[in-house]
Amino acid sequence: MTLYWKNGKVATTDGPYAETKEQLGGIQILEARDLNHAVQLVSQLPGFKYGLGPVEIRPVMDLGEIIKESEQRRRRKDTSR
């Protein structure tokens, strides 16, 4: 998903469609619950309203299973004490 600022609001385009002939630079890794949360986080970045876009959001990894397994191990460890 690509986010950009248009007419005073956050606008989105489905897919990675940043239109540029220059090199793209910079990467940020955000921890977000889902795509909607990622959009919210990016739209609150300082400077987004003032030319920081367009910003592409791409999922890197779903950590849901890893987090669930970690919580289960922690619970087992707590109950064995």
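Hi everyone, a word on the ground rules. The model is predicted, so local features need pLDDT of at least 70 and side-chain atom pairs count only at pLDDT 80 or more, while totals for chains, interfaces and linings use all residues. Residues are numbered from 1 along each chain as its sequence is written, and side-chain values use heavy atoms, with hydrogens and water left out.

Three strands make an open, antiparallel sheet in the order 2-1-3. Strand 2 (9-13) and strand 3 (55-56) are the edge strands, each pairing on one side only. Strand 1, residues 2-6, pairs with strand 2 over 5 bridges; pairing here takes at least two DSSP bridges. Leu3, for example, has Thr12 in strand 2 as its bridge partner. Strands and helices are DSSP runs numbered from the N terminus: E of at least two residues for strands, H or I of at least four for helices.

Ser43 touches Leu3, Val10 and Phe48, leaving aside residues up to four places away in sequence; touching means heavy atoms within 4.5 Å. A polar atom of the Ser43 side chain lies 2.9 Å from the backbone oxygen of Gln40.

Last stop, Ile66 in helix 2, residues 64-79. Thanks, everyone!

Notes: A polar contact is a pair of N or O atoms within 3.5 Å; within protein, one must be able to donate a hydrogen and the other to accept it, and residues adjacent in sequence count only if both atoms are side-chain atoms.
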